[in-house]
There are 2 protein chains.
Amino acid sequence: MVLVKPQMGENIGAAARAMWNFGLDRMRIVAPRDGWPNSRAVAMASGAGRLLDEAMVTETSAEATADLNYIFATTARPRDMVKPVMTPEHAMRLAARKIAAGERVGVLFGAERAGLENEDVVRANAIITVPVNPAFASLNLGQCVLLTAYEWRRQVTEAEGEVLELGRTRMAETGEVERFVAALTERLEATGFFWPEHKRPSMEANLRNIFARAPLTDTDLRTFYGVVRALAERSGPRES
Amino acid sequence: MVLVKPQMGENIGAAARAMWNFGLDRMRIVAPRDGWPNSRAVAMASGAGRLLDEAMVTETSAEATADLNYIFATTARPRDMVKPVMTPEHAMRLAARKIAAGERVGVLFGAERAGLENEDVVRANAIITVPVNPAFASLNLGQCVLLTAYEWRRQVTEAEGEVLELGRTRMAETGEVERFVAALTERLEATGFFWPEHKRPSMEANLRNIFARAPLTDTDLRTFYGVVRALAERSGPRES
């Protein structure tokens, strides 16, 4: 990540945090307005301060990018240049492929207000534009770094889309669920729940479906056994 | 997007901006610490101030979520509950499907420091956890809203992964490129470039490959014609 002529130290610090949130730690900074090191950047970066200590700081973006094989420029507005324009997702997928092939890839971010100068965009091989609401596009430097770093991590790690957090329990086995439904049915039987008789099959099927549909743990089943027992015991002297 | 007990007005404003950047405009706020309306939130929201004007503000999160069919809770740390845990991507894909099917879906975000209370997480149908660097997970409220809103927009719009920005020009036709290479070859012929003679076929193939590989516009070709002419005219009296 290459910050070109960033102005506020706070934003440099925020960019460092955004990068490190997603495991990126190689920052380059071109001609920071307020000099270097910058105490406000350090204060803002807190846990990501190491990125600032180790950042490469150069006078020009040519120096900061000289050893890179491929450069992305982030820009919101069209530049009237012939240049591939990519979503962060597409760009970071390409970056991951290139880096896996041994290339060095950089992403240029412009100054807070003006963004990148045309000269820096010309230098880039491709443009990254975040697909924002056309009626309101106000991403700041830190947000732009955040989204790019997020997409980077998405492309290089395989986060499970969905996992069921189980805490200290385990999923119930089908047999356990069916035993519970049988016990429930038996209790209900005693209360005259299955009435009229000709509706019994569909009512039973209904009950079994409800419990088959829910992802239940063994703890859930124990809870349900307790619930049924408690209800049945309050429902009349028959069960007490 | 439901902000539960947000503290700083600035963060409420930042959340509004993050939402509107990605086209989301229905915000709910539960028990904001500093009351409502909040002038700091308004100042920070700037172009997204309408979201604050139209926000539903409630005392409890139960009220804020009563009419929703499905609730996500965003949380960084495991809660020791049996609950599906999803990436923002997976969660927003599910949300898009549910909303398309007529359901109302909400995402709960907790207070700046403590995050959501367990009671709110219990209420949720699923948990969203952003897959951050395990060594450094410091997303703030605005960033968490930003990433979720970004994923929402990614799921409901079909942004082209890559487009070639053409400015005022068009891609060259193959025939135009080949005519240019032929003209170049002819010029080079006159300079004795193709030497030794037995290497000519591979040298010619090489040249054609270079120009076939590059995505060239008609303007690029005109530029190249000019370059070749200029070089040839300076190279000696033969061409002048």
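Visitor: What does the secondary structure of chain A come to?

Guide: In this predicted model, chain A has 10 helices and eight strands.

Visitor: Why is chain A called more spread out than a compact globule?

Guide: The globule rule gives 18 Å for 240 residues, and the radius of gyration of chain A is 30 Å, well over that value, so chain A is more spread out than a compact globule.

Visitor: How much of chain A counts as buried?

Guide: Of its 240 residues, 46% do. As for the surface, the accessible area of chain A is about 12,600 Å², and 52% of that belongs to carbon and sulfur atoms.

Visitor: What makes A:Asp218 count as buried?

Guide: Buried means under 20% relative accessible area. A:Asp218 has 14%, so it counts as buried. You will find A:Asp218 in helix 10, residues 218-234 of chain A.

Visitor: Which residues is A:Asp218 in contact with, leaving aside its neighbours within four places in sequence?

Guide: They are A:Thr169, A:Arg170, A:Met171 and A:Ala172.

Visitor: Why is A:Ser46 called partly exposed?

Guide: Partly exposed is the range between the buried limit of 20% and the exposed limit of 50%. With 43%, A:Ser46 is therefore partly exposed. A:Ser46 is in the loop between helix 2 and helix 3 of chain A, and it has a positive phi of about 35 degrees although it is not a glycine.

Visitor: What is phi of A:Ala31?

Guide: Phi of A:Ala31 is near 45 degrees, a positive value in a residue other than glycine. A:Ala31 has a relative accessible area of 22%, so it is partly exposed. Its place is in the loop between strand 2 and helix 2 of chain A.

Visitor: Which residue does a cis peptide bond join to A:Pro196?

Guide: That is A:Trp195, and omega is about 0 degrees. A:Pro196 is in the loop between helix 8 (174-191) and helix 9 (200-213) of chain A. The peptide bond from A:Trp36 to A:Pro37 is also cis, with omega near -5 degrees.

Visitor: How do you know that B:Ala111 counts as buried?

Guide: The limit is under 20%, and B:Ala111 has 12%, so B:Ala111 counts as buried. Look for B:Ala111 in the loop between strand 6 (105-109) and helix 6 (118-123) of chain B. Not counting residues up to four places away in sequence, B:Ala111 touches B:Val4, B:Lys5 and B:Gln7.

Methods. Residues numbered from 1 in each chain as written. Chains lettered and ligands numbered in written order. Predicted model: local features only at pLDDT ≥ 70, side-chain atom pairs only at ≥ 80, totals over all residues. Heavy atoms only, no water. Helix = DSSP H or I, 4+ residues; strand = E, 2+ residues; numbered from the N terminus. Buried < 20%, exposed > 50% of the residue type's maximum accessible area, 1.4 Å probe, protein only. Contact = heavy atoms within 4.5 Å. Rg over C-alpha atoms; globule rule 2.2 N^0.38 Å. Areas by Shrake-Rupley, 256 points an atom, 1.4 Å probe, with all protein chains shown as cover.
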